[in-house]
Amino acid sequence: MAEKLQAVEVLYCGVCGLPAEYCEFGSEFEKCKPWLIQNAPDLYPDLVKDSNLKEADKVSEQLQSTSISEGSSTSKKEEVKRLPGGKIKKKDKQEIIIEKVTRNRRKSITTIKGLEIFGVKLSDASKKLGKKFATGASVVKGPTEKEQIDVQGDISYDIVDFITETWPDVPESAIFFIEDGKKVPAA
């Protein structure tokens, strides 16, 4: 006589409802992780290891924050902004990028990105640039959906001096040129 087959018992996730083996392919895997660590640690040993490391990091941070120090120092923790999906939004780099783009062989456009990080109002900056270099300048949205200033003509020869004189908050070490696809410091 043949042996009677036993039914397979499937462990379903309490968060997304998928079988626990398939949670990593679901859209709510980040939400499922705590449930999986607690109820199915053998399926995802990497999660258990990562959670133990995170707990150790939290404990060490707590110990460091409660350490005795001289005077009253208030250490400001860097605010981390979380986006949907658990991604972390990075702070903008404190730099200005100047790029010369050639179009129609002879005509060129100088693009200035990152002035707004230093508290410069882009509309005012484009007016000043247009007056100084006697050319057209406008604020446009770049390919990354951030605003930038486009100036007609090649003004890269004198732009660094103009920016540092007009806006003293902008250090010369924060200005970079893009040449042949490489970032080159202006200083």
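Tyr22 is partly exposed at a relative accessible area of 49%, where buried means under 20% relative accessible area, exposed over 50% and partly exposed in between (1.4 Å probe, protein chains only). The model is predicted, so local features need pLDDT of at least 70 and side-chain atom pairs pLDDT 80 or more, whereas totals for chains, interfaces and linings use all residues. Residues are numbered from 1 along each chain as its sequence is written, and side-chain values use heavy atoms, with hydrogens and water left out.

**View 1. The pair of Tyr22 and Phe25.** A search of the whole structure finds three aromatic pairs. The ring centres of Tyr22 and Phe25 lie 6.5 Å apart with planes at 45 degrees, so this pair is tilted (rings of Phe, Tyr and Trp, the last by its six-membered ring, pair if their centres lie within 6.5 Å; planes under 30 degrees apart are stacked, over 60 edge-to-face and the rest tilted). Phe25 is exposed, with a relative accessible area of 65%.

**View 2. The cluster of Phe133, Phe162 and Trp167.** Phe162 and Trp167 have ring centres 6.0 Å apart and planes at 85 degrees, so they form an edge-to-face pair. Phe162 is buried at 11% relative accessible area, and Trp167 also counts as buried, at 12%. Ring pairs link these two residues and Phe133 into a cluster.

**View 3. Lys183 over Phe176.** The charged end of Lys183 sits over the ring of Phe176, 5.2 Å from its centre (NZ of Lys or CZ of Arg within 6 Å of the ring centre and within 35 degrees of the ring normal).
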